[in-house]
Amino acid sequence: MNTKLTADEKKKFVETAEALGLSSSSALKVLIRKFNEVGGFPFDVRRSPTIDLGYPNLFRPKIEGDAVVLPASWRDDEDDN
């Protein structure tokens with residue numbers, strides 16, 4: 001198997017593998033074995049959600065008087081208890 005990596009990607013991969021006590025070859029073998037065992041990636045693989053970082057209440061909730069008003073979309077079923 002051959003794959004192209006940037007020099008930075010390869011450097012970080014080798015450093016991370018070594019920090020875990022593995023060679024880069026052993027780290028790839030672990031990934032391949034787990035990939036085959038679970039029938040795909042052994043971790044979530046998806047694109048990051050697109051969010052509007054300019055939305056004014058994204059990081060700062062609305063304050064009304066002494067109360068914090070969170071968007072209804074932030075609620076989950078456990079909030080009713």
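Trainee: How many salt bridges does a search of the whole structure find?

Mentor: Keep in mind that this is a predicted model. A salt bridge needs a side-chain nitrogen of Lys or Arg within 4 Å of a carboxyl oxygen of Asp or Glu. With that rule, the search over the whole structure gives a count of three.

Trainee: Which residue forms a salt bridge with Asp-8?

Mentor: Look along helix 1, four residues from Asp-8, about one turn of the helix. The N to O distance there is 3.2 Å, and the cut-off is 4 Å. The partner of Asp-8 is Lys-12.

Trainee: What separates Lys-11 and Glu-15 in helix 1?

Mentor: The side chains of these two also meet in a salt bridge, with 2.9 Å from N to O. Lys-11 and Glu-15 are four residues apart in helix 1, so the separation is about one helical turn.

Trainee: Is Glu-37 buried or exposed?

Mentor: Glu-37 forms a salt bridge with Lys-34, the closest N and O atoms being 3.1 Å apart, and both residues lie in helix 2. Lys-34 has 33% relative accessibility and counts as partly exposed. For Glu-37 the relative accessible area is 58%. Exposed means over 50%, so Glu-37 is exposed.

Trainee: Now the rings. What kind of aromatic pair do Phe-35 and Phe-41 form?

Mentor: The whole structure holds two aromatic pairs. In the one made by Phe-35 and Phe-41, the centres are 5.1 Å apart and the planes stand at 85 degrees. Planes over 60 degrees apart count as edge-to-face, so the pair of Phe-35 and Phe-41 is edge-to-face.

Trainee: And what kind of pair do Phe-41 and Phe-43 make?

Mentor: Their ring centres are 5.5 Å apart, with the planes at 45 degrees. Under 30 degrees would count as stacked and over 60 as edge-to-face.

Trainee: Let's turn to the pocket. Which element gives the largest share of the lining of the largest pocket?

Mentor: About 460 Å³ of space lies in this pocket. Its lining has 15 residues, and Thr-3, Leu-5, Phe-13, Leu-28 and Leu-31 are the closest to its centre. Two elements give two or more residues to the lining, helix 1 (7-19) and helix 2 (24-38). The largest share, six residues, comes from helix 2.

How values were computed: Residues are numbered from 1 along each chain as its sequence is written. This is a predicted model: local features need pLDDT of at least 70, side-chain atom pairs count only at pLDDT 80 or more; totals for chains, interfaces and linings use all residues. Side-chain values use heavy atoms; hydrogens and water are left out. Rings of Phe, Tyr and Trp (its six-membered ring) pair if their centres lie within 6.5 Å; planes under 30 degrees apart count as stacked, over 60 as edge-to-face and the rest as tilted. On a 1 Å grid over the protein atoms alone, a cavity is a set of points where a 1.4 Å probe fits but cannot get out, and a pocket is an open set with protein on both sides within 12 Å along at least five of seven lines; lining residues have an atom within 4 Å of a point. Grid points are joined across faces, edges and corners, and a volume is the space filled by probe spheres set on the points. Buried means under 20% relative accessible area, exposed over 50%, partly exposed in between (1.4 Å probe, protein chains only).
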